[in-house]
Amino acid sequence: MNYLCTRDRKKKVSGMEAIIQGISEDGGLYVPEYFPALPKLQSLMDLSYEELALKILKLYFEEYTEEELKKAVSSAYGEKFHGKHPVEVVKKGEVHFLELFHGPTLAFKDMALTLLPHLLKTALQKKGIQEEVVILTATSGDTGKAALEGFRDVEGIQVVVFYPKTGVSDMQRLQMVTQEGRNTHVLALEGNFDDAQNGVKKIFGDEDFRKELKEKGYVLSSANSINIGRLIPQIVYYVYGYLRMVESGDLRMEEKMNIAVPTGNFGNILAAFYAKNMGLPMEKLLCASNDNNILTEFFLHGTYDTRRNLFLTSSPSMDILVSSNLERFLHEVSGKDEDLVKRHMDSLKAEGLFQWNGALPGDFYAEYADEKDVSQCIEKVYKEERYLMDPHTAVAYSVSEKYRKTTGDLKPLLLASTASPFKFPHKVLTSLGAPVSEDLFENIEALAMLLDGEVPTEISDLKIKPILHKRVTSLDAMAEVLLDALSGGEMND
Ligand SMILES: *Cc1c(COP(=O)(O)O)cnc(C)c1O
């Protein structure tokens with residue numbers, strides 16, 4: 001299996017190279033040359049999550065030996081999840097929640113970012129890369145922490161995270177600024193997530209800067225979902241979720257399910273689309289947005305117009321206008337037309353918009369949920385089921401309700417639950433009409449009481465951890481600050 005570049009029809013790299021590079025130098029993204037067929041579903045029924053991951057990863061990353069992949073998978077899903085099941089499917093009412101937040105940072109990004117460091121490290125060794133790799137990441141809240149945790153103290157790798165100063169939740173910020181590890185650098189950026197993502201993309205595209213880095217002994221790579229090594233591991237849990245629904249008798253084998261995914265950078269839902277292309281029985285993919293409903297408009301009219309204000313919502317990891325992975329989707333729906341994709345991406349960069357006149361597959365349904373919808377859904381599901389959704393998950397829940405109401409389609413629904421409610425106590429408590437304190441940890445305790453449960457240790461530990469990263473930077477200074485941080489200047493970051 002090789003990987004193509006979305007913007008250059010002549011380019012082809014191996015899986016390891018795609019993982020090492022993160023993004024192509026021309027700004028294009030790497031995509032699999034074809035979609036391998038899933039093995040017969042019946043034969044996958046009895047596999048553990050780790051075994052299933054191994055099977056699927058092998059189809060995409062043939063350069064790794066069985067042993068290498070096995071080791072990567074067990075380090076990721078065994079050790080880092082402390083022996084818990086990496087993924088649980090929980091049925092509440094008519095919805096099957098695909099709980100993806102049981103990893104070290106309590107968000108679904110852990111599903112890929114516990115694994116990617118192992119894939120990358122092995123690739124670097126095999127390709128004989130001598131330089132230190134700098135994982136350069138822009139985060140809307142959850143990627144940053146998951147990357148820091150996944151890559152901390154990994155030999156030969158430095159992790160640099162830029163997060164929007166006012167665009168992440170208090171808990172997300174606290175998780176990042178208390179990050180330990182010899183190789184971690186956390187920088188607040190004056191701007192929003194799109195600024196951070198653009199700044200990072202600019203650094204990737206700056207040849208002179210890359211040269212300068214190389215002379216200093218560094219090469220860049222990415223832990224954002226522009227890295228194909230983030231996407232492929234995400235295919236696994238859709239297959240796993242499907243099999244659990246068959247197991248519980250809610251689906252017949254080969255019967256189609258619907259899925260709902262709270263969407264920001266279009267990575268998680270793209271992984272579901274990949275799973276469908278591999279043969280996972282799936283009817284509709286519900287693409288759920290928050291008030292930043294640019295994808296809803298895109299699926300409705302083909303218009304992708306970023307010339308609008310970015311709202312800061314209670315689901316910050318979806319506060320995004322430029323959804324990077326949409327480019328991979330356009331690659332598929334255009335029949336792999338690199339020139340066409342490049343023209344649209346150039347237009348997006350130059351004018352801030354593009355108009356897609358080609359057909360879009362009918363298997364997508366796009367809608368959005370506003371703050372009121374989110375609160376109502378959190379309250380309803382708690383009242384009826386004693387189950388707490390985080391605001392991102394609630395966005396998808398609300399959209400799935402709208403879908404069912406307007407279409408009458410009641411097919412079994414698998415809903416990607418992307419974060420623990422403990423990461424967003426303020427919104428969850430206000431939605432329930434419960435009192436909210438100024439003190440973050442009092443709110444956390446209040447949530448635990450509502451669930452008759454304990455605060456996850458990943459959260460309670462934060463209370464006593466010292467703040468280690470304080471540096472704030474402007475958009476213009478990103479490259480300079482990056483160099484400074486790498487050379488040890490992070491003493492004051
Ligand atoms: C990143 C994130 C999303 C959005 O996922 P994309 O792959 O960017 O579409 C949704 N919910 C949570 C909690 C996230 O961290």
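**View 1. Helix H2 and the elements that cover its buried side chains.** What covers the buried residues of H2 includes strand E1 (2–5), strand E3 (30–32), helix H3 (66–79), helix H4 (110–113) and helix H10, where contact means heavy atoms within 4.5 Å. This is a predicted model, in which local features need pLDDT of at least 70 and side-chain atom pairs count only at pLDDT 80 or more, while totals for chains, interfaces and linings use all residues. Residues are numbered from 1 along each chain as its sequence is written, and side-chain values use heavy atoms, with hydrogens and water left out. Helices (H or I, at least four residues) and strands (E, at least two) are DSSP runs, numbered from the N terminus. Which residues of H2 are buried? They are Tyr49, Leu52, Ala53, Leu54, Ile56, Leu57 and Tyr60; buried means under 20% relative accessible area, exposed means over 50%, and partly exposed lies in between, using a 1.4 Å probe and protein chains only. H2 has 12 residues, 49–60, and at 1.5 Å a residue they should span 16 Å. The end C-alpha atoms are 17 Å apart, which agrees; the expected span is 1.5 Å times one less than the number of residues.

**View 2. The hairpin of E1 and E2.** Stay with E1 for a moment: a hairpin joins E1 to E2 through 2 residues. E1 and strand E2 (residues 8–14) pair in the antiparallel sense over 4 bridges; two strands pair if DSSP finds at least two bridges between them. Look for Tyr3, whose bridge partner in E2 is Val13. Strands of a sheet pair through backbone hydrogen bonds, either parallel or antiparallel.

**View 3. An open sheet of 5 strands.** Here the strands follow the order E9-E6-E7-E8-E16, and the pairing is parallel. At the edges are strand E9 (218–221) and strand E16 (472–473), each pairing on one side only. Strand E6 (residues 132–138) runs parallel to E7, joined by 6 bridges, and Ala138 has Phe162 of E7 as its bridge partner. How many bridges link strand E8 (residues 184–189) and E16? There are 2, in the parallel sense, and Ala188 stands opposite Val472 in E16.

**View 4. Strand E7, enclosed by the rest of the structure.** All 8 of the 8 residues of E7 (residues 157–164) are buried, so this strand is largely enclosed by the rest of the structure. Ile157, Val159, Val161 and Tyr163 point one way, while Gln158, Val160, Phe162 and Pro164 point the other way. In a regular strand the side chains alternate between the two faces of the sheet.

View 5. Lys470 lies in the loop between helix H19 (457–460) and E16. At 62% relative accessibility, Lys470 counts as exposed. The C-alpha atoms of Lys470 and Ala188 are separated by 7.7 Å, although these residues are 282 apart along the chain.

**View 6. Two residues with positive phi.** Most residues other than glycine have a negative phi, and most peptide bonds are trans. Leu106 has a positive phi near 60° and is found in the loop between strand E5 (95–99) and H4. Arg386, with a positive phi of about 55°, sits in the loop between helix H15 (371–385) and helix H16 (391–407). Are they buried or exposed? Leu106 is buried, with a relative accessible area of 4%, whereas Arg386 is exposed, at 55%.

**View 7. The largest cavity.** A search of the whole structure finds 3 cavities of 30 Å³ or more, and the largest has a volume of about 260 Å³. On a 1 Å grid over the protein atoms alone, a cavity is a set of points where a 1.4 Å probe fits but cannot get out, and lining residues have an atom within 4 Å of a point. Its lining has 26 residues, of which Phe108, Lys109, Gly264, Asn265 and Ser317 lie nearest the centre. Helix H6 (142–151), helix H10 (228–247) and helix H11 (267–277) each supply at least two lining residues.

**View 8. The largest pocket.** A pocket is an open set of grid points with protein on both sides within 12 Å along at least five of seven lines. The largest pocket has a volume of about 900 Å³, a volume being the space filled by probe spheres set on the points, with grid points joined across faces, edges and corners. Of its 38 lining residues, Asn198, Gly199, Lys201, Lys202 and Lys349 lie nearest the centre. The largest share of the lining, 9 residues, comes from H8.
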